[in-house]
Amino acid sequence: MKRELGIARCGLACCLCSENERCGGCGSGECPDKDWCENRKCSIDKGIAGCADCDEECKKGLLGKIKPYAFTVFVKRYGIEALLDCLERNEKNGVVYHREGINGDYDDFDDVEKLIEFIKTGIRS
């Protein structure tokens, strides 16, 4: 885990991304997706660090996918440091962020609350 890369504006975990050897993270300006990322553009236009700092209930861009949406909800509820702590602990306990391509253990969910519980515990219920 590269904790210093933190969480992307959309909620994805740059710190655990399999691309983080080539990418400095969302905040670096080096993200290969920066030109098309709707969440990056929106948060910059609003002058906020990311979707978790926004008061709107929104599912545009990558927030239409459960993982970034749940990570954003988690940060709104518990804070970014709590998310990073959980992700770091889960990684040490064998939870994989990107197992095949960009899919891993956080992707096989269809319920936001169940994914948030998995983030908190590292255990599938």
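In this predicted model, the protein is built from 4 helices and 0 strands. Read from the N terminus, the order of its elements is therefore simply α-α-α-α. The C-alpha trace extends over about 40 × 30 × 25 Å along the principal axes.

Of the 125 residues, 42% are buried. When contacts between residues at least 6 apart in sequence are considered, 50% of them join residues at least 24 apart. The accessible surface amounts to about 7,100 Å², with carbon and sulfur atoms contributing 48% of that area.

The whole structure contains 6 aromatic pairs. One of these is formed by F71 and Y106, whose ring centres lie 5.5 Å apart; because their planes meet at 90 degrees, over the 60 degrees required, the pair is classed as edge-to-face. This pair connects distant parts of the chain, since F71 belongs to helix 2 (residues 66–78) while Y106 lies in the loop between helix 3 (80–92) and helix 4 (112–121), with 35 residues separating the two. Both partners are shielded from solvent: F71 is buried at a relative accessible area of 0%, and Y106 also counts as buried, at 1% relative accessibility.

Y106 has a further ring partner in Y97. Here the centres are 6.1 Å apart and the planes stand at 55 degrees, so this pair is tilted. Y97 is likewise buried, with a relative accessibility of 5%, which is under the 20% cut-off. Taken together, ring pairs join F71, Y97, Y106, F109 and F118 into a cluster.

Charged side chains also meet aromatic rings in this model. One member of the cluster, F118, has the charged end of R124 over its ring, at 5.4 Å from the ring centre.

Note on methods:
Residues are numbered from 1 along each chain as its sequence is written. This is a predicted model: local features need pLDDT of at least 70, side-chain atom pairs count only at pLDDT 80 or more; totals for chains, interfaces and linings use all residues. Side-chain values use heavy atoms; hydrogens and water are left out. Rings of Phe, Tyr and Trp (its six-membered ring) pair if their centres lie within 6.5 Å; planes under 30 degrees apart count as stacked, over 60 as edge-to-face and the rest as tilted. Buried means under 20% relative accessible area, exposed over 50%, partly exposed in between (1.4 Å probe, protein chains only). A charge sits over a ring if NZ of Lys or CZ of Arg is within 6 Å of the ring centre and within 35 degrees of the ring normal. Contact means heavy atoms within 4.5 Å. Accessible areas come from the Shrake-Rupley method with a 1.4 Å probe; for residues, only the protein chains shown count as cover.
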